[in-house]
Amino acid sequence: MSEKIVVDRQHVAEGIQNEIRYICKTFGSRETGSQGEADAADYMRQKLEKYADDVKTENFKAYPKAYMGWVPLSATFMILAYVAYFFCAMLSIVFVIASLLPYLIQYIFNLRVMDVLYKEKTSQNVTAVRRSSDETQKRIFFVAHIDAAHEMTVKHYLGGAMFTALRVLNFAGALYVVALSVAKWALFGGIGAGIASGGLLYAGLAGAIFLFPWISTYFLVSPKRVIDGANDGLSGVLTAYNVIRFLKKQDVTLKNTEVGVILTGGGAAGVQGAKAWAEAHKGEYGDETVFVSLNLLR
């Protein structure tokens, strides 16, 4: 049995913290496609070259603003749906559907159909591999994103509980408007056109309580402020790097198993770098390849 290797975890953690401070202070904002992101990626590439056998950088097209582009669209359509209810039930339901589609397509399913509406940037993925001692039969990649996320403004100022409550109220408000519109449609017939009156008017006015959560959606994410802290990607980046560094310093080479690091760009913009990497390397690796996500380490 080989000798057990003892690791000073406190020393490693302090080293990671120091590197994070250096990257944040030296390269500044790491928004997807920014110079800061590119400089930080190049810095990590140079560090990995000391300990990995193969290191390469691959550029890809990124659309950093597109991922959250649904926010103003969904908020606007939902407010229009509420206003339209008082005049035309069918139009109100159409606006509700229009408010949900960008959210589902761009954010939930991440189909990126809105990319063409936003400015194209160049981001990059850094891949480093420490080869196996014999013929490679298995691989394990440690993956983290090197870019930083935009500030979640509502969550930052109102807290996580209020953030969650407002999101729930957003959907509750949409269901409320749909229910009112269906009731009005059934009463008025046709397309539900006509000014709401009586009970339908009062029920509609009561729905004004949902205006606050709908309006708060505009401030869900700051379009300008990027949070260059550790937990949203650098903790994972430096942990992945230290895996490769540790193996080299201890002169450990695994039999038949490659160990790799993938540092992606655009992780906070809809995992664009991870998707670009997967597309670029489609078919290169078999079932014996494992990817370990190191996102949001705290």
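Lys-138 has Thr-257 of strand E6 as its bridge partner, in a pairing where strand E3 (residues 138-145) and strand E6 (residues 257-264) run parallel and are joined by eight bridges. Helices (H or I, at least four residues) and strands (E, at least two) are DSSP runs numbered from the N terminus, and two strands pair if DSSP finds at least two bridges between them. The model is predicted, so local features need pLDDT of at least 70 and side-chain atom pairs count only at pLDDT 80 or more, while totals for chains, interfaces and linings use all residues. Residues are numbered from 1 along each chain as its sequence is written, and side-chain values use heavy atoms, with hydrogens and water left out.

The open sheet has five strands in the order E1-E2-E6-E3-E7, with mixed pairing. Strands E1 (54-62) and E7 (289-293) stand at the edges with a single partner strand each, so one side of each is left without a neighbour in the sheet. From one strand to the next, the twist averages 20°, where axes are lines fitted to C-alpha atoms (for helices over the stretch in contact) and angles run from 0 to 180 degrees between N-to-C directions.

Helix H2 (residues 35-48) packs on the sheet, touching E1, strand E2 (121-130) and E6, and its direction makes about 15° with that of E2; contact here means heavy atoms within 4.5 Å. Helix H10 (residues 272-280) also packs on the sheet, touching E1, E2, E3, E6 and E7, with its direction at about 115° to that of E1.

A salt bridge is a side-chain nitrogen of Lys or Arg within 4 Å of a carboxyl oxygen of Asp or Glu, and by this rule the count comes to 10. The table lists some of them.

| Pair | Closest N to O |
|---|---|
| Asp-42 and Arg-45 | 2.6 Å |
| Arg-139 and Glu-258 | 3.3 Å |

Asp-54 lies in strand E1 and Arg-131 in the loop between E2 and E3, so this pair ties together parts that are 77 residues apart in sequence. Arg-139 in strand E3 and Glu-258 in strand E6 are 119 residues apart and likewise link distant parts of the chain. Arg-139 is partly exposed at 21% relative accessible area, whereas Glu-258 counts as buried at 15% (buried means under 20%, exposed over 50%, partly exposed in between, with a 1.4 Å probe and protein chains only).
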